[in-house]
Amino acid sequence: MGSDKIFVTRPFLPPLEEFLPYLERIWQSGRLTNGGPYHKEFETTLAEYLGVPHVCLFTNATIALVTALQALRITGEVITTPYSFVATAHSLLWNGVKPVFVDVDPCTLNLDPGKIEAAITPQTTAILPVHCYGHPCNVERIQRIADVYNLRVIYDAAHAFGVTDRDGSILKHGDLSILSFHATKVYNTFEGGAIVCPDRKSKERIDFLKNFGFADETTVVATGINGKMSEFNAALGLLQLKYIEHVLARRRHIDAAYRKGLSGIAGIECLPRQSEGRSNFAYFPILVNKEFPLDRDALYQCLLERNIHARRYFYPLISEFPMYRGLPSAQRENIPVAHAAADRILCLPIYPDLDSACLQHIIDAIRSVAAQTSAPAPVPAPLSTAVSA
Ligand code: T4K
């Protein structure tokens with residue numbers, strides 16, 4: 001192993017020469033954005049690949065989330081998870097909607113459906129769950145609650161590109177699902193995102209909203225925003241689709257190698273794989289439990305010293321940030337499982353070009369830390385204890 005840094009991820013890029021013809025076409029046509037030919041082709045091709053009815057392309061997932069809430073006219077309070085990237089809850093504040101944090105399930109770290117009903121008030125209008133690390137939420141139970149209380153469901157599916165359950169794409173559940181095509185994601189268009197929607201009517205409204213609210217040259221029907229994906233990003237998206245199976249296969253291989261390489265290390269717990277359907281292996285999260293001789297932050301530092309830049313996704317919890325921590329639902333006692341997870345989570349590097357030498361270096365580093373460190377450091381109680389606390 002050299003002295004090169006190993007980051008938590010590295011974007012997959014197709015061979016540059018394969019992208020040049022796309023660029024030439026853009027240069028020749030002078031069509032750069034506003035629903036050009038690549039944008040149209042990409043929307044259709046992507047919907048087919050994902051197996052979903054309609055896709056609305058966006059400049060990134062954050063603007064897509066903000067727009068999805070606008071599209072469904074969400075107001076009042078929305079139930080969501082504190083265990084996510086901050087964009088999830090920020091999209092609510094940008095809409096003047098109050099986030100209500102509900103704890104997560106200790107196995108999947110997704111919103112715990114058993115705790116949703118207790119958080120519903122007369123002001124609740126929607127649920128905003130996250131398929132965290134691409135692991136599907138309990139979509140059936142969430143939908144049952146939404147049906148009983150007449151709530152909308154918007155899935156933050158930023159991590160869930162290509163994930164399926166027994167019924168096909170995970171993106172077909174709820175009213176809308178939001179994807180991210182950011183550089184750090186399984187599938188990237190440099191920056192980008194999308195809303196997956198069930199019918200033409202909702203697609204039309206979302207398409208107006210992402211184009212300032214314009215319905216035609218002279219008619220503005222809503223307070224829209226500029227969320228359009230450019231021709232450059234759409235062209236790259238088309239080319240990236242040609243490599244997605246390779247990307248997923250490499251990720252599957254790395255996931256399997258980690259599980260094998262880390263098995264038997266006391267205190268290192270790999271999150272379970274999804275039980276059915278197809279995973280995208282977007283992240284490789286481990287929990288550093290009390291049987292490991294170091295706590296999570298000490299292990300994180302040890303890995304950094306070996307040029308391994310793992311990440312603590314998602315620490316701190318969203319509920320800890322200044323704009324959220326005053327909310328009653330943000331209090332620690334309301335979300336003990338999320339806190340316990342945030343304190344011991346570590347996402348290890350996973351990306352298609354991670355070679356076997358780097359992978360072995362990471363596994364060996366964790367093994368050697370486990371072997372060398374004899375004095376147990378004080379660590380928080382295991383997740384199961386937090387659940388019953
Ligand atoms: N909802 C959820 C659940 C999300 O996780 C996210 C984004 C969103 C919504 C919003 O989606 P977008 O609006 O971004 O489409 C990263 C990403 O910036 C963010 O997109 C992502 N979630 C989040 C989980 O991770 P950082 O601050 O950790 O990124 P950064 O720049 O530290 O990158 C991590 C590592 O990746 C670097 O150490 C090196 C590598 N890297 C990164 C970039 C940007 C590269 O090799 N090349 C690159 O171009 O947030």
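In this predicted model, the lining of the second largest pocket divides by class into 6 nonpolar, 6 polar and 6 charged residues. Altogether 18 residues line the second largest pocket, and those nearest its centre are Thr108, His135, Pro136, Cys137 and Asn138. Helix α5, residues 139-149, contributes the most to this lining, with 3 residues. The space in the second largest pocket comes to about 340 Å³.

Now to the largest pocket, whose volume is about 610 Å³. Its lining has 28 residues, with Phe85, Val86, Lys185, Tyr313 and Phe314 nearest the centre. By class, the lining of the largest pocket holds 14 nonpolar, 9 polar and 5 charged residues.

What takes up the space of the largest pocket? The ligand does. Around the ligand sit 25 residues, the closest being Thr62, Asp156, His159, Ser180 and Tyr313. Helices α3 (61-71) and α4 (87-94) turn up here too, each supplying at least two residues of the shell. That shell has 11 nonpolar, 10 polar and 4 charged residues.

| Side chain | Ligand atom | Distance |
|---|---|---|
| Thr62 | oxygen | 2.5 Å |
| Lys185 | nitrogen | 2.8 Å |
| Arg311 | oxygen | 2.8 Å |

The ligand on its own would expose 910 Å², and the protein buries 75% of that area.

Notes: Residues are numbered from 1 along each chain as its sequence is written. This is a predicted model: local features need pLDDT of at least 70, side-chain atom pairs count only at pLDDT 80 or more; totals for chains, interfaces and linings use all residues. Side-chain values use heavy atoms; hydrogens and water are left out. A residue is near a molecule or strand if one of its heavy atoms lies within 4 Å of it. A polar contact is a pair of N or O atoms within 3.5 Å; within protein, one must be able to donate a hydrogen and the other to accept it, and residues adjacent in sequence count only if both atoms are side-chain atoms. Accessible areas come from the Shrake-Rupley method with a 1.4 Å probe; for residues, only the protein chains shown count as cover. On a 1 Å grid over the protein atoms alone, a cavity is a set of points where a 1.4 Å probe fits but cannot get out, and a pocket is an open set with protein on both sides within 12 Å along at least five of seven lines; lining residues have an atom within 4 Å of a point. A molecule sits in a cavity or pocket if more than half of its atoms lie within 2 Å of its grid points. Helices (H or I, at least four residues) and strands (E, at least two) are DSSP runs, numbered from the N terminus. Ala, Val, Leu, Ile, Met, Phe, Trp, Tyr, Cys and Pro count as nonpolar, Asp, Glu, Lys and Arg as charged, and the others, Gly among them, as polar. Grid points are joined across faces, edges and corners, and a volume is the space filled by probe spheres set on the points.
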